[in-house]
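Here is a walk through one protein model. Keep the viewer open and follow the elements in turn.

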Amino acid sequence: MADKAQAYAESFAKLVRVPTVTGVDRKSFAAFRKVLAEEFPHVYSACEVIMPGGEGSDALMFRWKGKSSSRPLVLMAHQDVVPAEGDWKYPPFSATVADGKVWGRGAMDCKNTLFCTIKSVDELIAEGFTPEQDVYLSYSDNEETSGGGAAYCRDWLVSHGVKPAVAVDEGGAIVEKAFPGMTKPFAMIGIIEKGYCDVKFVARSKGGHSSSPPKNTPFARLAAFVHYCETHTVFKPRMTPAALAMLKGLSSGLTGALAFVTKHADFFKPLIVKVLPKLTPFGAALLGTTMTFTMAQGSAAPNVIPQEASMTANLRFAPGDDSKLCIEKLRRLAARYDIETHPMECREASPMVDMDSADYKYFADTVAKVFPDCGAAPYLIFGGTDCRTMQTITPCAIRCTPCRLSPEQLASMHAANENIDISSLVGGVNFFKTYIKGYK
C-alpha cells in the first residue's frame, strides 16, 4: 500500500506541476495533455480521445466503450486552476510531496478529481475489465471562469446521440467536522447548486473637485446602501427541501440536542430558520439567498469626485428564490439612494437530484462500502460546478469527489497552501474503481 501511495503521489504531482491557470496560456493545456498521455497510457490506447471544442478549445473527453450504450456514465472534472497568489509554504506549482501530502495549486480543486477518475479507468483497463455501460471522462478547460468547455462536452454528447444516465462531478467531499459537533467524517453528496448573479450598482453625480464637496456624493450613497444591506435581512431565510435533507442526513453524526433537532428538522423548521442564520454565515447561506459586495470603482484621481461610482455584489440564490424577483427587490431598495441596478451574469438554482432514485442510492451505497467509517448526507452546494451544464441532459447529476479533506484543506481552496493527503488519492481511486465496476 505504501508503494502504491508513493506512486500515486509522484504521478499526481506531475499533473499539479503543469500551471493550467484558466485563460492564461493555452500551451500549458497542451503540456497537460502530454502528461496525461504519459501517465495514463491504457486510457489513451483503449479509449477514444475527443477534443469536443475543436482547435479553439482545450476541453478534453475520453470514451471507454462498454458492453452497452443504454445508460452511459459521465465522470467529470476540470483541468484549469485559479491563479496562485498569497504566501505559500512551498512554491504553488512545485507539487512538493511532504508530510504525507501533495502541495500545490489545483491539488483539491480539482486535479484530484481528474486524477482519481482517469487513474481508476487506467487501472481497470490494465486489469482487463470491461464496463457494463459506456463510460465518458469529461474534462473542461475553463470551469473557474464559467467558460464554455463543459458546454462543448455536453454538446458533443448530444450531437452523437448520447444520453447519460448519470454524471458525477466535483462538489462535495468527505469532510471532517462537516457540521459543529460532528462525531465522524461525512461524505457530502451534492444534489443541487444555488443560483448565481453579479449585480452592478451605479451612483452618478456632476463630479467636481474634492476641495468643496457636496453632500450625498456617489460613494456616500453607495455606502449608505451597502450599510443597509449589511444590517438588514434583505432576503428572507427559509427551509428548502435541499437544506432539510442535508440537516436530516447529518443527524446520524451528531449527539445530544443537535442530533435530536436535526433528525426532527421537519418539526423544528421555524426554530432552525430563526436561529441558525444568526449563529453562522454557513447557516445564512444554507437557508437563504446571500449577497456580498466584492468590487468598487470610482474616479481616476484621489481629489476628484466621481461622476460615476459603482459597487458590484455577488448573489447566490437559494433554491426556489426567483432571480427576477430578488433583483427587482434590490432595484427598489437601491432606488431609495438614487442608485441604478444593473444585473450581469445570472442563472437560477439547478434542479435537485432525486434522492429516491436508484442511481443516487447506488452512489451513496458505494460511499458506505468504500468508506465504512463515514456517514453520507445530501449537500446543498453554495458555489457552482460544470455539472449544472451536464445536468441539462441527464436526470442524475451528482457533485461529489469522495476524497477525505480536513477543514484546513477546505479553507485552502482558491487560497494559499492548497494540498491534499496522498491517502485521499488512494481512497478516491478505490472509490471510482468500485463505482465503475458496479455501475449497470
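This is a predicted model: local features need pLDDT of at least 70, side-chain atom pairs count only at pLDDT 80 or more; totals for chains, interfaces and linings use all residues.

Residues are numbered from 1 along each chain as its sequence is written, and side-chain values use heavy atoms, without hydrogens and water.

Start with the open sheet. Four strands form it, in the order E11-E13-E9-E14, with antiparallel pairing. Strands are DSSP runs of E with at least two residues, helices are runs of H or I with at least four, and both are numbered from the N terminus. Two strands pair if DSSP finds at least two bridges between them. Strand E11 (290–297) and strand E14 (339–347) stand at the edges. Each has a single partner strand, so one side of each is left without a neighbour in the sheet. From one strand to the next, the twist averages 20 degrees. Angles run from 0 to 180 degrees between N-to-C directions, and axes are lines fitted to C-alpha atoms, for helices over the stretch in contact.

Now look at E9 (residues 196–204). Seven bridges join E9 to E14 in the antiparallel sense. Tyr-196 has Arg-347 in E14 as its bridge partner. Helix H6 (residues 218–231) lies across E9, E11, E13 (308–316) and E14, running at about 140 degrees to E9. Helix H11 (residues 323–335) also packs on the sheet and touches E9, E11, E13 and E14. The direction of H11 makes about 160 degrees with that of E14. Contact means heavy atoms within 4.5 Å.

E3 (residues 68–78) pairs with E6 (residues 133–140) in the parallel sense over seven bridges. There, His-78 is bridged to Ser-140 of E6. E3 also pairs in parallel with E7 (residues 166–175), over three bridges. Leu-73 has Val-166 as its partner in E7.

Two helix residues remain. Phe-282 sits in helix H10 (residues 281–286). Phe-282 is partly exposed, at 25% relative accessible area. Buried means under 20%, exposed over 50%, and partly exposed in between (1.4 Å probe, protein chains only). Leaving out residues up to four places away in sequence, Phe-282 touches Phe-179, Met-246 and Phe-382. Phe-282 and Phe-382 are 100 residues apart in sequence, yet 9.4 Å apart in space, C-alpha to C-alpha. Leu-279 belongs to helix H9 (residues 269–279). Its 65% relative accessibility is why Leu-279 counts as exposed.
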